[in-house]
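These entries record what I looked up in the structure shown below.

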Amino acid sequence: AIAAGGYAPSTLNVIEHTSIASTGDAADFGDCNNARYGSRAISNATRGIIAGGYVGGNTNDTEFITISSTGNGADFGDLLSLRGGGPATANNSVKGIVCGGNTTGGTEVASIDLIHFASVGQYVDFGDLTQARRAMAGINSPTRGIAAGGQDPTNYNIIDYVDFATLGNATDFGDLS
């Protein structure tokens, strides 16, 4: 398990790891390129990607680590738009998406960015959420990515989904209770 960045009492650039199979404290993995907090992550068995968040303001910066070995983050390119304020993320073993969030001015975005783990920095427009919002939770299966909840500042109980196999706008999945 990997944790990157944070805020305590100022913005951090640390990356720590721990083995899920055993108990114990986290150990140093390396450092982020930039001190950051509020980022979201996507990963497969090979790469972990740290996306968006706050780096002196909302950022579109992303970086990656190789999960099998410790070391510092490396540049992975830029998201298509700024992504602070809790975008949702989801992935399968080949692709990852970053959904929603907000810009430096606090305006929520609906766009969804797609990346293939094998590439470096070649994000493409996947489509849009059904509602622009931030502070969402993302979950996934091998075939679908889901963005749930959020706010703009109104709280939403929306659940959206996309199919990883095809580009396009999110579809209404239902509502949170």
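**Entry 1: the enclosed space**

I started with the largest cavity of this predicted model: 14 residues line the largest cavity, and Ile-97, Cys-99, Gly-145, Ile-146 and Ala-147 are those nearest its centre. I then noted which elements give two or more residues to this lining: strand 8 (88–91), strand 9 (95–99), strand 13 (144–148) and strand 14 (158–163). By class I found 10 nonpolar residues in the lining of the largest cavity, along with three polar and one charged. Its volume I recorded as about 40 Å³. The count came to one cavity of 30 Å³ or more.

**Entry 2: the largest pocket**

I next looked up the largest pocket, which has a volume of about 240 Å³. Its lining consists of 18 residues; Ile-2, Ala-4, Ala-41, Ile-49 and Ile-50 lie nearest the centre. Strand 1 (2–7), strand 4 and strand 5 are the elements that give two or more residues to this lining. Which strand gives the most to the lining of the largest pocket? I found that strand 1 does, with five residues. The classes in the pocket lining are 10 nonpolar, six polar and two charged residues.

**Entry 3: strand 10 and its partners**

Is strand 10 largely enclosed or open? I found five of the six residues of strand 10 (residues 111–116) to be buried, so this strand is largely enclosed by the rest of the structure. Strand 10 runs antiparallel to strand 9, and five bridges join the two. Lys-95 has His-116 in strand 10 as its bridge partner. Strand 10 also runs antiparallel to strand 11 (residues 124–128), to which four bridges join it. There I noted Asp-113 opposite Asp-125 in strand 11.

**Entry 4: aromatic pairs**

My count of aromatic pairs came to five. For Phe-76 and Tyr-123 I recorded ring centres 6.3 Å apart and planes at 85 degrees; the pair is therefore edge-to-face. Phe-76 belongs to strand 7 and Tyr-123 to the loop between strand 10 and strand 11, so this pair ties together parts that are 47 residues apart in sequence. Both Phe-76 and Tyr-123 are buried.

I then looked up Tyr-161 and Phe-173, an edge-to-face aromatic pair at 5.8 Å centre to centre, with 80 degrees between the planes. Because Tyr-161 lies in strand 14 and Phe-173 in strand 15 (residues 171–175), the pair ties together parts that are 12 residues apart in sequence. I checked the accessibility of each ring residue in turn. Tyr-161 has a relative accessible area of 16% and is buried, whereas Phe-173, at 45%, is partly exposed.

Lastly, I noted that ring pairs link Tyr-7, Tyr-37 and Tyr-54 into a cluster.

Technical notes: Residues numbered from 1 in each chain as written. Predicted model: local features only at pLDDT ≥ 70, side-chain atom pairs only at ≥ 80, totals over all residues. Heavy atoms only, no water. 1 Å grid on protein atoms, 1.4 Å probe; cavity = no way out; pocket = protein on both sides within 12 Å on 5 of 7 lines; lining within 4 Å. Points joined across faces, edges and corners; volume = space filled by probe spheres on them. Nonpolar A, V, L, I, M, F, W, Y, C, P; charged D, E, K, R; others polar. Buried < 20%, exposed > 50% of the residue type's maximum accessible area, 1.4 Å probe, protein only. Pairing = 2+ DSSP bridges. Phe/Tyr/Trp six-rings, centres within 6.5 Å; stacked < 30°, edge-to-face > 60°.
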